[in-house]
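The sequence and the structure are shown below.

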Amino acid sequence: MSIDHSLHQTYRRWVNTFRRQLPDPGLRLAFQPDVYFQACARSLWQAGGVTITPDHAKLYNALGEGGGEETLFWELVHQVGQAGSLPEPPFFQRLCRYDQQTGHSTARQFLEALPPILGLLAQAGGAGGSAVTACIQEGLGRLYQTWLAQDLPGERTPPALPPLPEAVPAPVPVASPAQTQTPTQIPEPVQAQEKTPSLEDLLAELDALVGLETVKAQVHSLINLVKVRRLREAAGLPTPPLSLHMVFLGNPGTGKTTVARLVAQLYRAIGVLSKGQLVEVDRAGLVAGYTGQTALKTRAVVDSALGGVLFIDEAYALSPERGEQDFGREAIEVLLKAMEDHRQDLVVIVAGYTGPMERFIHSNPGLESRFNQYLHFSDYDGGQLLEIFTGLCKKNGYALTQAAETLAAQGFQALYAQRDENFGNAREVRNLFETVVSRQADRVAQLEAPSREALMALLPEDLGEMG
């Protein structure tokens with residue numbers, strides 16, 4: 001297990017533990033710390049003089065839930081270079097106002113819980129020494145003074161600093177969990193070992209995805225083809241040439257990235273890939289602005305993907321149709337060479353809208369010869385959109401009333417019928433879910449002492465314009 005997964009597990013447990021202890025549903029909704037802690041990571045790594053690597057980008061993106069745009073390696077290098085002191089959490093004043101009104105001590109609890117997570121971010125990124133300690137001390141001190149000035153409930157002592165290494169270790173980040181130091185103050189630390197999912201587990205996860213029946217069948221067939229091919233090789237039988245690189249065609253939000261991640265793990269489970277990680281980039285992650293830099297940038301991304309899958313979203317943006325002098329052509333040439341040189345331990349998946357992707361593949365004989373597996377991701381219909389929505393509700397502890405579910409079904413049927421070329425599929429559903437949850441929180445916050453059922457229930461009025 002790579003260190004970024006360990007960080008994600010530990011961090012997410014910390015967030016969920018703190019959120020659960022907040023007494024008000026509106027407060028729990030307001031507690032959205034991912035962007036804040038990403039900013040903290042940038043400040044700590046800058047203070048520690050850390051050399052940013054593609055693995056740091058994995059660490060950085062592991063702090064999010066995965067719903068937003070991931071920050072690419074070269075973007076992170078720039079952002080860390082521009083980072084300043086630790087910021088103030090945008091939700092901290094909300095905690096303070098709540099404590100002022102109710103006599104609770106949620107802001108003080110956050111102050112006490114904050115140092116171990118800051119220590120975790122510093123250690124996971126390989127940042128240590130006096131400059132990092134001073135950065136944390138200054139940020140905590142500033143936050144403590146803000147809290148102290150408001151005369152809120154809680155003990156009048158500054159939060160304790162987390163333990164940090166005296167010197168900066170060598171740039172980290174691919175390490176086993178046993179090599180990763182996790183501060184003991186973090187609630188519910190992850191287990192040192194995590195079971196690697198089996199082939200059967202991964203195929204079950206694939207089959208559990210909403211819709212995508214044709215895609216699932218193609219992936220099953222491809223896995224069977226590879227398994228039999230390896231058996232034939234072991235038996236000394238001839239095996240015809242087989243390209244494992246793929247083209248994913250379809251609109252946004254149709255599950256392309258999710259399936260790519262499963263394909264990477266499936267290939268690892270059957271022994272085709274050594275690691276099974278997914279590295280996701282777009283044109284900006286491969287192309288630089290000056291002659292010669294694009295090749296270096298693309299090679300760095302390829303190196304980070306060796307042993308796994310390199311997933312290039314909107315790959316047609318690299319097309320030489322943009323002009324002879326466009327640096328996308330250089331990125332394509334580097335990719336083609338890498339696909340040949342590392343054909344035993346690298347799979348490339350290119351993805352995007354159907355028409356532009358087909359033109360992109362056919363624009364270059366090298367691309368056409370290497371990509372012969374095409375998977376078409378259809379838009380989700382109204383029933384599937386409802387299934388995704390109810391799945392989000394169940395996962396996050398919400399339940400639609402019968403009337404609300406009927407209204408939601410009608411809304412998603414209408415959404416599907418009226419879709420245009422900008423339709424976001426599952427992304428639309430996630431955005432609607434967040435809006436509904438926010439509207440429900442505004443309603444429930446007005447109740448005197450809401451029951452567990454009231455905290456979970458989504459009513460027709462929570463759905464708003466969906467009906």
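## Sheet

Two strands count as paired if DSSP finds at least two bridges between them. In this predicted model, five strands form an open sheet in the order 2-3-4-1-5, and their pairing is parallel. Strand 2 (278-281) and strand 5 (373-377) are the edge strands; each has a single partner strand, so one side of each lacks a neighbour in the sheet. From one strand to the next, the twist averages 20 degrees.

## Strands 1 and 4, and helix 15

Strand 1 (residues 246-250) and strand 4 (residues 347-352) run parallel and are joined by four bridges. Within this pair, Leu 249 lies opposite Gly 352 of strand 4. Helix 15 (residues 354-361) packs on the sheet and touches strand 1, strand 4 and strand 5. The direction of helix 15 makes about 150 degrees with that of strand 1.

## Gln 9 in helix 1

Helix 1 (residues 3-21) contains Gln 9. The relative accessible area of Gln 9 is 24%, so this residue is classed as partly exposed. Gln 9 and Leu 63 are 54 residues apart along the chain, and their C-alpha atoms are separated by 9.1 Å.

Is Asp 34 buried or exposed? Asp 34 has a relative accessible area of 17%; buried means under 20%, so Asp 34 is buried. Asp 34 belongs to helix 3 (residues 34-47). The side chain of Asp 34 makes a polar contact of 2.7 Å with that of Tyr 11.

Terms used:
Residues are numbered from 1 along each chain as its sequence is written. This is a predicted model: local features need pLDDT of at least 70, side-chain atom pairs count only at pLDDT 80 or more; totals for chains, interfaces and linings use all residues. Side-chain values use heavy atoms; hydrogens and water are left out. Helices (H or I, at least four residues) and strands (E, at least two) are DSSP runs, numbered from the N terminus. Axes are lines fitted to C-alpha atoms, for helices over the stretch in contact, and angles run from 0 to 180 degrees between N-to-C directions. Contact means heavy atoms within 4.5 Å. Buried means under 20% relative accessible area, exposed over 50%, partly exposed in between (1.4 Å probe, protein chains only). A polar contact is a pair of N or O atoms within 3.5 Å; within protein, one must be able to donate a hydrogen and the other to accept it, and residues adjacent in sequence count only if both atoms are side-chain atoms.
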